[in-house]
Amino acid sequence: MEPAIVNILKVEPVTHNVRRFTLERPKGLTFVPGQAADISINTPEMKDEKRPFTFTGLTEWDHLEFTIKIYTDHNGVTNHLGKLKAGDQLIIHDVFGAIHYYGEGVFIAGGAGVTPFIAIFRQLKKEGKLGNNTLIFSNNTEKDIILREEFTQMLGKNFINTLTQEETKSFDHRMIDAVYLKEKLPTFSSYFYLCGPDPMVLALQKTLISLGAASSKVIVEQF
């Protein structure tokens, strides 16, 4: 598609460092839940700095939604995004993405890597097809859990959280490794959807295959 300049309609906090951006929807833009788009900020100094972000709204909504983690520790694109407000403009570029829903399975996310799964779960809920899909979500601390209430409402006991840098009474304090996966999952014959930091995703790919998952059923996001 041709790049489209869109107005920001609303910016809202999701967690202490994650924001929800509601944008105008350009005519003709289509996407599949799980896909992303390259986005840049429509200012002279930033318009060529494109970064991939996942659509977290649904295809039939009249607006676009992106749920974006803001990194303020360096002067990157998200740091600039974090300073934007309603009325500022973004540029939507190409739509792409490897994670599509192929069938019931286990979604494993690290931090902001959960974003491709948001629209997928929302679409499944809308269609009444959440079934036995499971989300295993790893975060540093409890305050980092994105859309905790919404995922709990959608998935119930199939929303499994583990924290790597904090011990609480509510959640596991474990790394997602072979031992943890064998404790949590009865079988490895389903689809597995992975998104998170590259080292985590690469390690989990190998781990899942070693536990019996079919390599063709391990779906990985690759920007």
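This is a predicted model: local features need pLDDT of at least 70, side-chain atom pairs count only at pLDDT 80 or more; totals for chains, interfaces and linings use all residues.
The buried residues of helix α2 are covered by elements that include β4 (51–54), β5 (63–69), β7, β8, α3 and β10.

**Helix α2 and the cores**

α2 is mostly covered, with 10 of its 13 residues buried. The buried residues are Thr115, Pro116, Phe117, Ile118, Ala119, Ile120, Phe121, Arg122, Gln123 and Leu124. After the helix comes Gly128, which has a positive phi near 70°.

The largest nonpolar core has 25 residues, and those touching the most other members are Val114, Phe117, Phe121, Leu135, Phe137, Phe151 and Leu155. Two or more residues of this core come from each of β7 (105–110), α2 (115–127), β8 (134–139), α3 (148–155), β9 (159–163) and β10 (191–195). α2 gives the largest share, 5 residues.

Ile136 is placed in strand β8. Its relative accessible area is 0%, so Ile136 is buried. Beyond its neighbours within four places in sequence, Ile136 is in contact with Val106, Phe107, Ile108, Ala109, Ile160, Ile176, Tyr180, Leu181 and Leu185. Ile136 and Gln153 are 17 residues apart along the chain, and their C-alpha atoms are separated by 15 Å.

With the same exclusion of neighbours within four places in sequence, the contacts of Phe137 are Ala109, Gly110, Gly111, Val114, Ile145, Ile146, Phe159, Ile160, Asn161 and Thr162.

Leu147 sits in the loop between β8 and α3. Although Leu147 is not a glycine, its phi is positive, at about 50°. Leu147 counts as buried because its relative accessibility is 10%, below the 20% limit for that class.

**Helix α5**

Gln205 belongs to helix α5, which spans residues 198–210. The relative accessibility of Gln205 is 25%, so this residue counts as partly exposed. Leaving out residues up to four places away in sequence, Gln205 touches Leu194, Val218 and Val220. Gln205 and Ile219 are 14 residues apart in sequence, with 8.9 Å between their C-alpha atoms.

The accessibility values given above for single residues are collected here.

| Residue | Relative accessibility | Class |
|---|---|---|
| Ile136 | 0% | buried |
| Leu147 | 10% | buried |
| Gln205 | 25% | partly exposed |

**The chain as a whole**

The secondary structure consists of 5 helices and 11 strands. A compact globule of 223 residues would have a radius of gyration near 17 Å, and the 18 Å of this chain therefore agrees with that expectation. Along the principal axes, the C-alpha atoms fill a box of roughly 50 × 35 × 30 Å.

Of the 223 residues, 49% count as buried. Taking the contacts between residues at least 6 apart in sequence, 68% join residues at least 24 apart.

Definitions and conventions:
Residues are numbered from 1 along each chain as its sequence is written. Side-chain values use heavy atoms; hydrogens and water are left out. Helices (H or I, at least four residues) and strands (E, at least two) are DSSP runs, numbered from the N terminus. The radius of gyration is taken over C-alpha atoms; the globule rule is 2.2 Å times the number of residues to the power 0.38. Buried means under 20% relative accessible area, exposed over 50%, partly exposed in between (1.4 Å probe, protein chains only). Contact means heavy atoms within 4.5 Å. A nonpolar core is a set of buried Ala, Val, Leu, Ile, Met, Phe, Trp, Tyr and Cys residues joined through side-chain atoms within 4.5 Å.
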